[in-house]
Amino acid sequence: MTSAAPAVKPGRKRDHTRDPEILDAALDVLAETGYEGMTIDQVAARAKAGKATLYRRWPSKAELVIDAIGCMKKEDLRPEALPDTGTLRGDLLAMIKPPTIQDATRKLQIMSGVVSMLSKHPELGDALRAAMIEPRAAANRFLLRRAIERGEIRADCDVEFLALLSPSMTFYRTLFQQRPVDREFLVSIIDEILLPAVRP
């Protein structure tokens, strides 16, 4: 007769409630020290979190930065939270939030750190693009499809291409040109590229 195998106790579920706070601390450290100078220990100290917790959740500094960038891009972009002004142009303009000078400076410093990270880990390019581009692209898809349902824009327009247009141009401008993304730049994309492409 063989003895029964001992029951395996389920592991304790990880608590992710502090993730946004930790990821924001990671962005602060990245902006202040650059990627080279950044350490997970510094982030733990800034967030007042245990180092072991961070190392379990993010085994590498690069993974922490990717998640932090994704958190930075995740405004409230749930479909029910998106603006509904009655027109596609109005909806897209309502999505533009005026940044403060401090915000713009911080974002450029963060992007400088990201460029340094990519120079050392080019294999992370796809993950970074997904973190920076996909949240806003998903919101744009929703707004474009709603405009199609209203009969406001052409039903045969390329929703996928157009949804990626603005976030992709923003990605290139901030990451590679190291230039701020201001309202004028975003409005020009809407009025000079996107809307002419979808008019009936």
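Trainee: How much of the contacts in the chain with a separation of 6 or more do residues 24 or more positions apart account for?

Mentor: Let's begin with the general idea: a contact means heavy atoms within 4.5 Å. In this chain, residues 24 or more positions apart account for 68% of the contacts with a separation of 6 or more. Two notes before we go on. This is a predicted model, in which local features need pLDDT of at least 70 and side-chain atom pairs count only at pLDDT 80 or more, while totals for chains, interfaces and linings use all residues. Residues are numbered from 1 along each chain as its sequence is written, and side-chain values use heavy atoms, with hydrogens and water left out.

Trainee: How many helices and strands are in the chain?

Mentor: Here helices (H or I, at least four residues) and strands (E, at least two) are DSSP runs, numbered from the N terminus. The chain has 9 helices and 0 strands, so its pattern along the sequence reads α-α-α-α-α-α-α-α-α.

Trainee: What share of the 200 residues counts as buried?

Mentor: Buried means under 20% relative accessible area, exposed over 50%, and partly exposed in between (1.4 Å probe, protein chains only). Of the 200 residues in this chain, 39% are buried.

Trainee: Which residues touch the most other members in the largest nonpolar core?

Mentor: A nonpolar core is a set of buried Ala, Val, Leu, Ile, Met, Phe, Trp, Tyr and Cys residues joined through side-chain atoms within 4.5 Å. The largest one here holds 37 residues, and Val43, Ile69, Ile110, Val114 and Leu128 touch the most other members. Two or more residues each come from helix 1 (19-37), helix 2 (40-47), helix 4 (61-73), helix 6 (101-120), helix 7 (125-150) and helix 8 (159-175). Helix 1 provides the largest share, 9 residues. At least three residues come from each of domain 1 (17-72) and domain 2 (74-199), with bounds taken from an automatic or database domain assignment. Another core, of 25 residues, lies apart from this one, and Leu82, Leu92, Cys157 and Leu194 are among its members.

Trainee: Leaving aside neighbours within four places in sequence, what is Leu128 in contact with?

Mentor: Leu128 is in contact with Ile66, Ile69, Val114, Leu118, Phe171 and Leu175, once neighbours within four places in sequence are left aside.

Trainee: At what angle do the axes of helix 7 and helix 8 cross?

Mentor: Axes are lines fitted to C-alpha atoms, for helices over the stretch in contact, and angles run from 0 to 180 degrees between N-to-C directions. For helix 7 and helix 8 the crossing is at roughly 145 degrees, and the axes come within 7 Å. The residues that meet include Leu128, Met132 and Leu144 in helix 7, and Ala163, Phe171 and Leu175 in helix 8.

Trainee: Is Ala163 buried or exposed?

Mentor: Ala163, in helix 8, has a relative accessible area of 0% and therefore counts as buried. Beyond neighbours within four places in sequence, Ala163 is in contact with Ala137, Asn140, Arg141 and Leu144. The C-alpha atoms of Ala163 and Leu144 are separated by 7.6 Å, although the two are 19 residues apart along the chain.

Trainee: What does Arg146 touch, not counting residues up to four places away in sequence?

Mentor: Arg146, found in helix 7, touches Pro83, Asp84 and Asp91, with residues up to four places away not counted. Its relative accessible area is 14%, so Arg146 is buried. Compare another arginine: Arg89, in helix 5 (residues 88-94), has a relative accessible area of 36% and is partly exposed. Among the residues that Arg89 touches, leaving out those up to four places away in sequence, are Glu152, Val187 and Asp191.

Trainee: Which residues does the UniProt annotation "DNA-binding region" cover?

Mentor: The unreviewed UniProt entry places that annotation on residues 39-58. UniProt positions are given in the numbering used here, feature names are shortened, and annotations may be inferred rather than shown by experiment. Over residues 39-58 the model is 75% helix and 0% strand, with the end C-alpha atoms 12 Å apart.
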